[in-house]
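This briefing goes through one protein model, topic by topic. Look at the sequence and the 3D view first, then read the points below.

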Amino acid sequence: MYFNKGTFTVIAGPCAVESTEQCLTIAEGVKKHGAHIFRGGAYKPRSSPFNFQGLELEGLEILQKVRLLMPIVTEVTQVSTVPIVANSTNILQIGTRNMHNIELLKAVGKENKPVMLKRGYAALIEEEWIMAAKYLQLEGTEEIIMCERGIRTFEPYTRNTLDISAVCAIKTLTDYCVIIDPSHATGRPEMIIPLSLAAAAVGADGIMVEVHNDPEKALCDGHQAITIEQFGQLMEKLKPVVNAVGRHL
Ligand code: PEP
Ligand code: MN
């Protein structure tokens with residue numbers, strides 16, 4: 001099990017896998033500061049077809065080098081690539097756009113691998129997000145990590161609106177672990193530290209944060225990434241809050 005209720009698990013890494021050098025630089029940097037799991041997308045479901053779509057198979061190969069350093073999570077976007085992505089990762093990620101993709105949920109569930117299930121950006125907690133998790137569970141997934149990544153509201157100042165109450169709802173309604181992704185929830189690097197502290201305080205089991213060695217040159221979501229140095233500050237500030245709620249980093 002990668003997550004449990006006594007620790008606070010931190011996932012960090014770039015939005016997208018861009019190169020071996022980029023991934024290893026970020027992985028070494030975040031590991032040094034205490035990150036537990038590396039993230040990075042090889043398959044990127046982008047809203048615009050004109051944006052970088054990910055390195056796909058080449059990206060999965062790069063991720064194998066990162067796996068020599070630490071466990072990883074990466075997104076799977078379609079049924080046909082479930083076996084290859086499952087073989088290439090420790091945790092499979094299902095993204096917000098695919099949370100409602102029943103066939104994908106079933107195919108991923110059959111792999112019997114840990115799954116991080118991001119909340120659809122307009123998904124109801126009880127009737128939709130938890131039911132999507134049940135599809136995974138019924139097929140055989142034993143470790144499900146629910147990830148609140150912000151929902152769409154009328155407010156444009158943040159990319160989405162972080163629904164921190166979703167953590168309490170998941171804890172009340174299920175036994176699943178639940179984490180917060182402040183990067184996609186806000187799209188604003190200056191909000192990552194305060195909302196990560198809020199995640200720890202509210203009882204989340206961890207966070208997932210986008211970190212880049214050179215955010216201005218990132219091929220994907222650079223505007224919301226924090227630097228490796230800022231990630232170090234985040235980990236320092238998290239420690240006392242995590243300890244205060246009876247957990248450890
Ligand atoms: C991601 O985590 O890289 C991602 C695309 O997130 P979401 O599916 O929440 O938009
Ligand atoms: Mn991203």
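Arg-247 is buried, at 10% relative accessible area; buried means under 20% relative accessible area, exposed over 50%, and partly exposed in between, with a 1.4 Å probe and protein chains only. The structure is a predicted model, in which local features need pLDDT of at least 70, side-chain atom pairs count only at pLDDT 80 or more, and totals for chains, interfaces and linings use all residues. Residues are numbered from 1 along each chain as its sequence is written, chains are lettered from A and ligands numbered from 1 in the order in which they are written, and side-chain values use heavy atoms, with hydrogens and water left out.

**Arg-247 and its contacts**

- Arg-247 belongs to the segment after helix 9; helices (H or I, at least four residues) and strands (E, at least two) are DSSP runs, numbered from the N terminus.
- A polar atom of the Arg-247 side chain lies 2.7 Å from the backbone oxygen of Thr-7.
- The side chain of Arg-247 also has a polar atom 3.3 Å from the backbone oxygen of Lys-5.
- Such pairs are polar contacts: N or O atoms within 3.5 Å, where within protein one must be able to donate a hydrogen and the other to accept it, and residues adjacent in sequence count only if both atoms are side-chain atoms.

- Glu-210 is buried, at 1% relative accessibility, and Asp-221 is buried with a relative accessible area of 10%.

**Cysteines**

- How many disulfides are there? The count is 0, where a disulfide is a pair of cysteine sulfur atoms within 2.5 Å.
- For Cys-168, the closest cysteine sulfur is that of Cys-177, 15 Å away, which is too far for a bond.
- For Cys-177, the closest cysteine sulfur is in Cys-147, at 12 Å, again too far for a bond.
- Cys-168 is partly exposed at 37% relative accessibility, whereas Cys-177 is buried at 9% relative accessible area.
- Cys-168 sits in helix 6 (residues 165–173).
- The C-alpha atoms of Cys-168 and Val-178 are 9.1 Å apart in space, and the two residues are 10 apart in sequence.

**Pockets and the cavity**

- On a 1 Å grid over the protein atoms alone, a cavity is a set of points where a 1.4 Å probe fits but cannot get out, and a pocket is an open set with protein on both sides within 12 Å along at least five of seven lines; lining residues have an atom within 4 Å of a point.
- The largest pocket holds about 230 Å³ of space, where a volume is the space filled by probe spheres set on the grid points, which are joined across faces, edges and corners.
- The largest pocket has 19 lining residues, and Lys-44, Pro-45, Arg-97, Arg-159 and His-184 are those nearest its centre.
- The second largest pocket holds about 180 Å³, and its lining includes Met-1, Phe-3, Lys-134 and Cys-177.
- A search of the whole structure finds 1 cavity of 30 Å³ or more.
- Strand 3 (residues 72–75) gives the largest share of the lining of the largest cavity, 3 residues.
- The residues lining that cavity include Arg-39, Lys-44, Val-73 and Gln-93.

**Positive phi angles**

- Most residues other than glycine have a negative phi.
- Glu-56, which is not a glycine, has a positive phi near 55 degrees. Glu-56 lies in the loop between strand 2 (37–39) and helix 2 (57–66) and is partly exposed at 40% relative accessibility.
- Asn-112, also not a glycine, has a positive phi of about 50 degrees. Asn-112 is found in the loop between helix 4 (102–109) and strand 5 (115–118) and is partly exposed at 45% relative accessibility.
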